[in-house]
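Please walk through the aromatic rings of the structure shown here, and through the charges placed over some of them.

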Amino acid sequence: MVLLGDAAHTAHFSIGSGTKLAVEDALALAEAVAAHPEVPEALAAYEAARRPAVASTQRAAAASMRWFEEIGGYVGQPARQFAFNLLTRSRRVTHENLRLRDPRFTRAVEADFGCPQEGPDGPATPPMFTPFTLRGLTLRNRVVVSPMDMYSAEEGVPGDFHLVHLGGRALGGAGLVMTEMVCVSAEGRITPGCAGLWTAEQAAAWKRIADFVHTSAPGTALGVQLGHSGRKGSTRLMWEGMDEPLPEGNWPLVAASALPYKPGVSAVPRALESADLAAIRSEFAAAAARAADCGFDLLELHCAHGYLLSGFLSPLTNRREDAYGGSLENRLRFPLEVFDAVREVWPAERPMTVRLSATDWAPGGTTPQEAERIAAAFAAHGADAVDVSTGQVVSDEAPEYGRSYQTPYADRIRNALGIPVIAVGAISSWDDVNSLLLAGRADLCALGRPHLYDPHWTLHAAADQGYAGPGAPWPAPYRAGSRKPPTGKG
Ligand SMILES: Cc1cc2nc3c(=O)[nH]c(=O)nc-3n(C[C@H](O)[C@H](O)[C@H](O)COP(=O)(O)O)c2cc1C
């Protein structure tokens, strides 16, 4: 006896997949039995073929279920955007799919979004290539190169590697290129290879990179992410053992509370005292002032991933009994003080964003409701957008990875509070970017690993979509390559 369809596995009914799963199971079973004369092998082949496909459908169903659970956040959307959001809720139907199914509807949603159209029937500008303004900065498109530590600096000084890496990505078309987490002090580094902004030499090296971007990739904004490693500092380079303590040359760690990141493995940090807090606040402000002189266009405060400021926000890592611990209001106090100190020296017309871990993926950690309150607090202090990541706060986390798995958290903050958000995490296709934007789930989309795979990710997305407008201009020296090279031999 072999179980098929709903008898073997179920998915939430809101995607209506029951009959489809059962028929696909039956087809796979017939195929497996035909290919394997022995029953045990046939059943194993059936199981191997169907398990990942069913898991994928169940993830889609779970996304759909959550969408309905959180429908309250969407009811204020304009009717057509709401309809598009509903249709794309499971992330299986996308902007491109929908264009095939109903081009008139899709075009109307694009027009509502503000995508310029070439005549009544001509192609519309893809949503990802529409501009977006944060304070005095207008980004030419909605793609962000997510901050990625390269662990390749020496004494905190970014070198030729960083110039080529960031310069290359800046030539690749994204509207905003973020630096890696730039540390505000030597003790605030994660590893000996982390870059910093606590010396004039470091500032000069960053200025060289910013000058290159502004001169050779005009129109690309360059953002700096400022942070302090907190209890996750003094570890090996990523490829030598992520979050593993250095074998030698360790520096003392500081954090909200004296709790190690990996019990029994990581060093125990010293809990910061009030006098230390003032000094660290000044380090952030000094680094921000240097960043302003370097010419960065945007500054992001890193309050995610369990580093120092994130460590204050999460109830799992902040066990303080003073005014900086306990209630959420208290846990927010130090990160907000740092934000204010940075905002004060950061030029008024230049935007600031904050990166948050919207969930710790662990019991007792930051809840989505708290993440909303945290986002609202930073917005009230002048944050122009929230960059919504998750996790990496505690080592015993249990994240639910999957396609664009963090976007529901960004979406929630955007739609509950009306604050612009940057969505990030396993967003890998331009179709996903367009879909998230049109559905009103994100204002900007940050892509990390896809930009390691392809520095010209945005230019290639434009070429794939037949777009050649101002949202993704090819650098003049590269224009000859702006069409896909002919395939074939000879
Ligand atoms: C090599 C590498 C280094 C990273 N360094 C940082 C960092 O310095 N600051 C940060 O906020 N996130 C960092 N991240 C996380 C990325 O910004 C991004 O959130 C994550 O990779 C998920 O996006 P993706 O699926 O598009 O890669 C890093 C990711 C990678 C792969």
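Over the face of which ring does Lys232 lie, and at what distance from the ring centre? In this predicted model, Lys232 is placed over the face of Tyr261, and the distance to the ring centre is 4.6 Å.

Next come the contacts between rings. The model has 12 aromatic pairs, counted with ring centres within 6.5 Å. One of them joins Trp361 and Tyr409, whose ring centres are 5.6 Å apart. The planes of Trp361 and Tyr409 meet at 80°, and an angle over 60 degrees counts as edge-to-face, so this pair is edge-to-face. Trp361 belongs to the loop between strand E9 (352–357) and helix H12 (368–380), whereas Tyr409 is in helix H13 (residues 407–417); the pair therefore ties together parts that are 48 residues apart in sequence. Both Trp361 and Tyr409 are buried.

Tyr401 and Tyr405 form another edge-to-face pair, with 5.2 Å from centre to centre and 75° between the planes. Are these two residues buried or exposed? Tyr401 has a relative accessibility of 57%, and because the cut-off for exposed is over 50%, Tyr401 counts as exposed. Tyr405 has 15%, which is under the 20% limit, so Tyr405 counts as buried.

Ring pairs can also join into a group. Here they link Trp67, Phe68, Tyr74 and Phe82 into a cluster.

Note on methods
Residues are numbered from 1 along each chain as its sequence is written. This is a predicted model: local features need pLDDT of at least 70, side-chain atom pairs count only at pLDDT 80 or more; totals for chains, interfaces and linings use all residues. Side-chain values use heavy atoms; hydrogens and water are left out. Rings of Phe, Tyr and Trp (its six-membered ring) pair if their centres lie within 6.5 Å; planes under 30 degrees apart count as stacked, over 60 as edge-to-face and the rest as tilted. Helices (H or I, at least four residues) and strands (E, at least two) are DSSP runs, numbered from the N terminus. Buried means under 20% relative accessible area, exposed over 50%, partly exposed in between (1.4 Å probe, protein chains only). A charge sits over a ring if NZ of Lys or CZ of Arg is within 6 Å of the ring centre and within 35 degrees of the ring normal.
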